[in-house]
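Work through the exercises below with the structure in view. Try each task before you read its solution.

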Amino acid sequence: FPWYDWDGGFHLVACVLPVVHDTMYILPAEIWYWNGTAWTEVHRAGCDPANLQASVGYNAIYACRPTIGSDGEGNLWVAWEQFDSANVEPATNLLRGDVWLAGSSDGGATWTAKQITEPGTSVSHRFPCVVDGAVVIDDEKYVPVVYEVDQVAGFVVQGQGPATSNPICVQWVPADSLIIPGVSEERSRVPDRLELSATPNPFSGRTTLSYGVPKAGNVVLTLADVSGRPIGTLAAGRYDAGRYTVSLESSNLPAGVYFYTLTTESSSLTKKLTVAR
């Protein structure tokens, strides 16, 4: 999906699938972004093939049909359809799809993704479009995502099922529901307890560590190897209550398991992080 922004900048998003010995496979599937000079991974999707309960149908892979847009503040947004391995349409024995949305505030270097349609529904959500970027309504920023609600999964022209009357919907997604990475120490809503996560994990190249503190105070985010030896301090200082992010590169880290720890004046939280090659 190629797209030019208002300043004439060129953007491209694509879905990628594996090919092994001239055979194409529907998963794992990835969404990638190109800014004119470099590619970055937006999202990777898939499941254990043993858990794939049906086919995705004609002309599709597990995550596909991405579109891209931006807003006046330079944030990028990518929407795509992604199938649910356990949500099978009984009339056609095909998987139903959902719509996902990802955001980036650093020119596409890092992304945060989430599913925006309700999982496990009796309809299939297909063909999303997000080129309008984001708008402000009543002082709140929303990302409008347009998609089709397919009443019966499958293309009638391919003989996969009946013709149905399928509405086109627009879903207004609150922009702050996506913690957009790329801006160090970015603040959003205040959590009610310590929060710590890494996306993606495992990772190769770059991951985004998201952390949240429920009250103001001194905060330290550290990284250690599997034996507990300190690797470095990723963030430190006095923070207001809120949510923050910091990026971590794997270029100087051997493949393996690490632990990252968020410590405040009253508590701490440790999670496992895996570097893959």
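## Exercise 1: the largest pocket

**Task.** Which strands each supply at least two residues of the lining of the largest pocket, and which gives the most?

**Solution.** 
Step 1. Strand S6 (39–45), strand S10 (112–115), strand S15 (195–199), strand S16 (206–213) and strand S19 (242–249) each supply at least two lining residues. Strands are DSSP runs (E, at least two residues), numbered from the N terminus.
Step 2. S6 gives the most, with six residues.
Step 3. Know your source. This is a predicted model, where local features need pLDDT of at least 70, side-chain atom pairs count only at pLDDT 80 or more, and totals for chains, interfaces and linings use all residues. Residues are numbered from 1 along each chain as its sequence is written, and side-chain values use heavy atoms, with hydrogens and water left out.
Step 4. The largest pocket holds about 680 Å³ of space. Its lining has 33 residues, and Val42, Trp111, Thr112, Thr199 and Pro200 are the closest to its centre.
Step 5. Sort the lining by class. There are twelve nonpolar, 13 polar and eight charged residues. (Ala, Val, Leu, Ile, Met, Phe, Trp, Tyr, Cys and Pro count as nonpolar, Asp, Glu, Lys and Arg as charged, and the others, Gly among them, as polar.)

A pocket is an open set of points on a 1 Å grid over the protein atoms alone, with protein on both sides within 12 Å along at least five of seven lines; a cavity is a set where a 1.4 Å probe fits but cannot get out; lining residues have an atom within 4 Å of a point. Points are joined across faces, edges and corners, and a volume is the space filled by probe spheres set on them.

## Exercise 2: the cavity

**Task.** How many cavities of 30 Å³ or more are there, and which residues line the largest cavity?

**Solution.** 
Step 1. The count is one.
Step 2. The largest cavity contains about 40 Å³ of space.
Step 3. Its lining consists of Val56, Gly57, Tyr58, Leu94, Arg126, Gly154, Phe155 and Gln160.
Step 4. Four of these are nonpolar, three polar and one charged.

## Exercise 3: salt bridges

**Task.** Which side chain does Arg126 meet in a salt bridge, and is Arg126 buried or exposed?

**Solution.** 
Step 1. Side chains of opposite charge can pair when their charged atoms come close. A salt bridge has a side-chain nitrogen of Lys or Arg within 4 Å of a carboxyl oxygen of Asp or Glu.
Step 2. The whole structure has eight salt bridges.
Step 3. Arg126 meets Glu81, at 2.9 Å from N to O. Arg126 is in strand S11 (residues 124–129) and Glu81 in strand S8 (residues 76–89), 45 residues apart.
Step 4. Arg126 is buried, at 4% relative accessibility. Glu81 is buried too, at 0%. (Buried means under 20% relative accessible area, exposed over 50%, partly exposed in between, with a 1.4 Å probe and protein chains only.)
Step 5. Widen the view. Arg65, Glu81 and Arg126 are linked in a network of salt bridges.

**Task.** What parts of the chain does the pair Arg243 and Glu195 tie together?

**Solution.** 
Step 1. These two side chains form a salt bridge, 2.8 Å from N to O.
Step 2. Arg243 lies in strand S19 and Glu195 in strand S15, so the pair ties together parts 48 residues apart in sequence.
Step 3. Arg243 counts as buried at 14%. Glu195 counts as partly exposed at 24%.

How values were computed. Helices (H or I, at least four residues) and strands (E, at least two) are DSSP runs, numbered from the N terminus.
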